[in-house]
Amino acid sequence: MTRRFAQIDVFSATGTGGNPVAVVLDATDIPDDRMAAFARWTNLSETTFVLPPTDPAADYRLRIFTPDGELPFAGHPTLGSAHAWLTTGGRPAGEDIVQECGVGLVRLRRSGARLAFAAPPLRRSGPVESGVVAEVAAALGIEAGEVLAAEWVDNGPEWMVLQLASGERVLEVTPDIPALGDHKVGLFGKYDSGGEIFGEVRAFVPGIGVPEDPVTGSLNAGIAMWLRADGHAPASYVAAQGAALGRAGRVHVHDDGENIWIGGDTTTVIEGTVTL
């Protein structure tokens, strides 16, 4: 069973500075267990499979697997898979690209070389319980008093985000990954320099076999929805992620008053076929 394949770097213009996603095109009739086995084999944070849509409003359907299971939605796989679909001949029926996935329909737009998706609604929001904050802070090696705010920003992955005093402090954190258990934890801190980068993000996801994700679209989408709702971020900003892993991810956020768009550069690094 040979299918078209691409590996796309997402959230970096360099081709190797962001987060890779493995994309299997023409995934019809691939059994679920083969999809899961291939995702374990790639050992990337996500591997995706592009299928014909079941919803007539969608251009294609996407299934998203981690090494440990399937996700209803994830950000960088959404952008990378749309890139692979477009560069292998996919053409949207309308002005926007419409992806069908576990959370429903997700809209994407292209602006130059950059793709962006409309942040899906949060399935859970509000403050994280104090006991959970204390547990997670201890696993991160920080004092609970350092946490300026802690919010649920669950948009498919069950993210919580802890805000620290600065982007620099975010980069200093050295977590005890096993102690995090199954918590999916994001860190966010603002920079005060007034430069291009508004804030620093990190994502810890031990429950899916990837202790730290290099650059995370779903988490950045959740953070953006929270910050914008509370008036703590401008309508457009750039977040950095991946420096702790030697990457240079850049996530471009824009609130147009109707949707919050999460965008980044996407680059094909590997293309060919894969035998499953």
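**Cores, a buried strand and an annotated glutamate**

Mentor: The largest nonpolar core has 49 residues, and Y60, F117, I223, L227, Y237 and I262 have the most contacts inside it. A nonpolar core here is a set of buried Ala, Val, Leu, Ile, Met, Phe, Trp, Tyr and Cys residues joined through side-chain atoms within 4.5 Å. Buried means under 20% relative accessible area, exposed over 50%, and partly exposed in between, with a 1.4 Å probe and protein chains only.

Trainee: Which helix gives the largest share of this core?

Mentor: Helix α5, residues 217–229, with 6 residues. Helices (H or I, at least four residues) and strands (E, at least two) are DSSP runs, numbered from the N terminus.

Trainee: And where does this core lie?

Mentor: It lies between domain 1 (2–118 + 264–275) and domain 2 (124–258), because both give residues to it. The domain bounds come from an automatic or database domain assignment. Apart from this core lies another one of 20 residues, among them A137, W152, L164 and V185.

Trainee: Before I go on, what kind of model is this?

Mentor: It is a predicted model, in which local features need pLDDT of at least 70 and side-chain atom pairs count only at pLDDT 80 or more, while totals for chains, interfaces and linings use all residues. Residues are numbered from 1 along each chain as its sequence is written, and side-chain values use heavy atoms, with hydrogens and water left out.

Trainee: Fine. What does the UniProt "active site" annotation cover?

Mentor: E46, according to an unreviewed UniProt entry. UniProt positions are given in the numbering used here, feature names are shortened, and annotations may be inferred rather than shown by experiment.

Trainee: Is E46 buried or exposed?

Mentor: E46 counts as buried because its relative accessibility is 6%. E46 sits in the loop between α1 (32–42) and β3 (47–51). Leaving out residues up to four places away in sequence, E46 touches P20, V21, A22, I64, F65, T66, L71, A74, H76 and P77. Contact means heavy atoms within 4.5 Å.

Trainee: Switching to β6. How many of its residues are buried?

Mentor: In strand β6 (residues 97–101), 5 of the 5 residues are buried, so the strand is largely enclosed by the rest of the structure. I97, Q99 and C101 are on one side and V98 and E100 on the other. In a regular strand the side chains alternate between the two faces of the sheet.

Trainee: Which strands does β6 pair with?

Mentor: β6 pairs with β4 (residues 60–66) in the parallel sense over 2 bridges, and R61 stands opposite E100. With β7 (residues 104–111) the pairing is antiparallel over 5 bridges, and Q99 has V106 as its bridge partner. Two strands pair if DSSP finds at least two bridges between them. β6 and β7 form a hairpin with 2 residues between them.

Trainee: Now α3. Which of its residues are buried?

Mentor: In α3 (residues 130–140), V132, V133, V136, A137, A139 and L140 are buried. They are on the same side of the helix because they cover an arc of only 160 degrees around the axis. That arc is of the directions from the helix axis to the C-beta atoms. The face turned away from the buried side carries exposed S130 and A138.

Trainee: What do the buried residues of α3 pack against?

Mentor: β9 (149–152), β10 (159–163), β11 (184–190) and β12 (197–205).
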